[in-house]
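Here's a walk through a two-chain model, one piece at a time. Have a look at the structure first, then read on.

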Amino acid sequence: MLYKIIIATVSMASISAILSILLVIAERYLANYGECNVTINDDEEFRTQGGATLLSTLNSQKIFLPSACGGRGTCGYCKCKVLEGVGPILPTEEPLLTAEEMKENIRLSCQIKIKQDIKIEIPEELFNINEFRTNVAMIRDLTHDIKLVRFSLIEPNEINFKAGQYVQLQTNPYADVKESVSRAYSMSSPNFEKSHVDLMIRLVPDGICTTWVHEYLQEGDDVRIIGPMGDFYIRESDSEMILVAGGSGMAPMVSLLEDIAHRKIDRKITYFFGALTRKDLFYLDEMAEFEKKIPGFTFVPALSEPEPEDEWDGETGLITKPLEEYLQKIDAIKCQGYLCGSPGMINASINVMKKYQMKMDQIFYDPFG
Amino acid sequence: MKETPQEKKIYQDFRPGKLTKEGFLGSDTRHVHEIIEEDKRTLSQLGIEPETIADRMQYFIEEGKKGLESNVDLGDFTVRVNWFRGMLPCPFGEPNLHHKITAVVRNKALNQEITFTQLGVHLIGSHCFFMGHGNRFRLEPDDLVKFLKIN
């Protein structure tokens, strides 16, 4: 009996060992895709070792597709058209692609791997996206959970962007976080000041990037950012601009207002900013300055839970309340909407804007998921 | 319990710094399977399905969303939902994505507060995973059932 057990055990161990060796061999040879050609827009071409994702391969060539999640397949921003050289749509792509996009061979570049020669199409403006080496020049508390961080650009030392656009901030490894991650943040700095980038970053509970910024990042640290990216910028028009933001959604609005004041754009602008209590409000002095510099500008802050000690005599309630009261008084159908904040606030504001006939193609926001 | 190589790869995502800063296991040294099995036994003794708990938690998230980060009064409870930008994948490797939503629910009668996430609701409802001990979002199944007044 014992003899049979020993034979069975040895046999099982031998089979397992043989299977393991076969797997190693298969991985070594079958997963070796060799060198592959990547052709972009039927124009540019480069050779690369196969096996990596399309997004990381493009990044290695200093070609950066927009991405808010850093290649984890959660934001859906790194879409590009693949003309040939890739297999069927992956389960990890499906939640982020529409039926229309699937038909048009739009793929998530962070999910597909290069295993053979591949042809892709990407918009020309994406070639303007750069990777910047920066140094943290200043960190300042704006509220109890939002910090303003200034990144001085070292190489390249200038950035050209449209007010309202965002950059990807790449973390350095810290504590238990051994890998770098990247997240998208709108720039609050004016686009005519090209030597630095300012970001407003709100602490997300258990967030990898925001915890790094709030608890580990120091002035003087070297950090990499990639940008500019995004379709949130001023659309030239004479129509009134309705701005709605909350929390760190203030960032792109400040950049827009700086640009408007700098270019002396003559438009009516009403900016609704929502916060819970007085301690969640910030940049009030800056907004008062904008009201002086931009003749048609009005700032409307609203507190949803003002404390007695706040002695608040401004608007109260959810930000949608003063927004709705205002839209019903004007010819809202002609207005443009610019939104930045939590997805819940954006959704609620869009609903109010649609109720007053504002056109969806005149409402602009970066959803970031 | 033996792990397949695929399971080993998946369970890396439970560790700190992979999907979230603290990960999902806290200071718990048990395997994910063992954590789930023990919590399943607790629920079985209570005669409650994890989906029932998840449905109740989802109700609070949906009601809380209406408050745009302010407190929403729901009678015996209040809820405040913070909805941050971005999505999180499930650490069990499913392709579905989950909004970065945190809900703080207060049970007025008990004068107690709990905090959970949208991903946490999914982990309970679909995987009966209540997080490891020591994780900031760990909820004890029996306490949670009482807190949510599910019985």
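## Chain A overall

Of the 369 residues of chain A, 41% count as buried, where buried takes 20 or more other C-beta atoms within 10 Å of a residue's own, exposed 12 or fewer, and partly exposed is in between, with C-beta atoms placed from the backbone. This is a predicted model, so local features need pLDDT of at least 70 and side-chain atom pairs count only at pLDDT 80 or more, while totals for chains, interfaces and linings use all residues. Residues are numbered from 1 along each chain as its sequence is written, and chains are lettered from A and ligands numbered from 1 in the order in which they are written.

Take the contacts in chain A between residues at least 6 apart in sequence: 70% of them join residues at least 24 apart. A contact here has the two C-beta atoms, placed from the backbone, within 7 Å.

## The antiparallel sheet of chain A

One open sheet in chain A has six strands in the order 9-8-11-6-7-10, with antiparallel pairing; two strands pair if DSSP finds at least two bridges between them. Strands 9 and 10 of chain A are at the edges with a single partner strand each, so one side of each has no neighbour in the sheet. On average, neighbouring strands of this sheet are turned by 40° against each other, direction ignored.

Inside the sheet, strand 6 (residues 130-141) and strand 11 (residues 222-229) of chain A run antiparallel and are joined by six bridges. Thr134(A) has Val223(A) in strand 11 of chain A as its bridge partner. Strand 7 and strand 10 of chain A also pair in the antiparallel sense, over seven bridges, and Phe151(A) stands opposite Val197(A) in strand 10 of chain A.

## Helix 4 of chain A against the strands

So what covers things up around here? Strand 10 of chain A has six of its seven residues buried. Helix 4 (residues 208-216) of chain A has buried residues too, namely Ile208(A), Cys209(A), Thr210(A), Thr211(A), Trp212(A) and Val213(A). Those buried residues of helix 4 pack against strand 7 (146-155), strand 8 (166-170), strand 9 (182-186) and strand 10 (196-202) of chain A.

Chain A has another open six-stranded sheet, in the order 15-14-13-12-16-17, and here the pairing is parallel. Its edge strands are strand 15 (315-316) and strand 17 (363-365) of chain A, each pairing on one side only. Strand 16 (residues 336-340) and strand 17 of chain A are joined by three bridges, with Tyr338(A) opposite Phe364(A) in strand 17 of chain A.

Helix 7 (residues 320-327) and helix 8 (residues 343-355) of chain A pack at about 15°, with axes 10 Å apart. Axes are lines fitted to C-alpha atoms, for helices over the stretch in contact, and angles run from 0 to 180 degrees between N-to-C directions. Helices 7 and 8 of chain A are therefore roughly parallel (angles under 35 degrees; over 145 is roughly antiparallel, 65 to 115 roughly perpendicular and the rest oblique). Thr320(A), Leu323(A), Glu324(A) and Leu327(A) in helix 7 of chain A meet Ala348(A), Ser349(A), Val352(A) and Met353(A) in helix 8 of chain A. By class, that contact has five nonpolar, two polar and one charged residues; Ala, Val, Leu, Ile, Met, Phe, Trp, Tyr, Cys and Pro count as nonpolar, Asp, Glu, Lys and Arg as charged, and the others, Gly among them, as polar.

## A helix pair in chain B

In chain B, helix 3 (residues 50-65) and helix 4 (residues 118-127) pack at about 160°, with axes 8 Å apart. Helices 3 and 4 of chain B are therefore roughly antiparallel to each other. Residues of helix 3 of chain B in this contact include Ile53(B), Met57(B) and Ile61(B), and those of helix 4 of chain B include Val121(B) and Ile124(B). The contact has seven nonpolar, three polar and one charged residues.

## Where the chains touch

The contact between the chains takes 31 residues from chain A and 24 residues from chain B. On the chain B side, strand 2 (77-89) and strand 3 (97-107) each supply at least two residues. Strand 2 of chain B gives the largest share of that side, seven residues. By class, the chain B side divides into nine nonpolar, eight polar and seven charged residues.

Notes. Helices (H or I, at least four residues) and strands (E, at least two) are DSSP runs, numbered from the N terminus.
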